Amino acid sequence: MGLVLVGLLVVAGIIVAFREPAQFEPGTPEAATQDYLLAVLDEDYEAAHALLTPELQRRCDVRDLDDRYYRSEGKRITLTESRVDGDSAVIDLEFTATYSRDAFDFDQYSHEERFDLDRIDGEWRISDPPWPYYWCPEE
């Protein structure tokens, strides 16, 4: 039984590891959010910071991303809901991270995040401190 369980976990891990990310229509709030997340996960903090609104760029220091981003062995981010109202949008996501100590001892943690976006000059920008910032000082 234990060997079968380990085999199933390995197969599930391989399937998740090779799963292609969803492709969103360029110019949409979903695509802007995905671009931000991919930049953070790739540790391209300058690119992630550029996707914030100008006001949020002034409040949130790009160096804070490196300090606040907690790396995990596996991460899955799932779009759960998207709402657009004129030039504002809300994107709800579920983050699932996997941590392991060895082949038989791993942990999985899930949490939800909300991304608020505004359309500025035709481009969607993140308008509220998102994961992993969570908070930026007021001006």
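**Salt bridges up close**

A: Happy to! This is a predicted model, and a search of the whole structure turns up six salt bridges. Let's begin with R83, whose side chain meets that of E81 in a salt bridge at 3.3 Å, N to O. The side chain of R83 also meets that of D92, here at 2.8 Å, N to O. For D92 the value is 16%, and buried means under 20%, so D92 counts as buried. Through shared partners, the salt bridges join E81, R83 and D92 into one network.

Another of the salt bridges links the side chains of R114 and D116, at 3.0 Å, N to O. D116 has a relative accessible area of 18%, so D116 is buried.

For context elsewhere in the model, helix α2 covers residues 29-41. Of its 13 residues, 10 are buried, so α2 is largely enclosed by the rest of the structure. Among those buried residues are E30, Y36, L37 and V40. The end C-alpha atoms of α2 are 18 Å apart, which agrees with the 18 Å that 13 residues should span at 1.5 Å a residue. Just after α2, E43 takes a positive phi of about 60°.

Conventions. Residues numbered from 1 in each chain as written. Predicted model: local features only at pLDDT ≥ 70, side-chain atom pairs only at ≥ 80, totals over all residues. Heavy atoms only, no water. Helix = DSSP H or I, 4+ residues; strand = E, 2+ residues; numbered from the N terminus. Expected span 1.5 Å × (residues − 1). Buried < 20%, exposed > 50% of the residue type's maximum accessible area, 1.4 Å probe, protein only. Salt bridge = Lys/Arg side-chain N within 4 Å of Asp/Glu carboxyl O.
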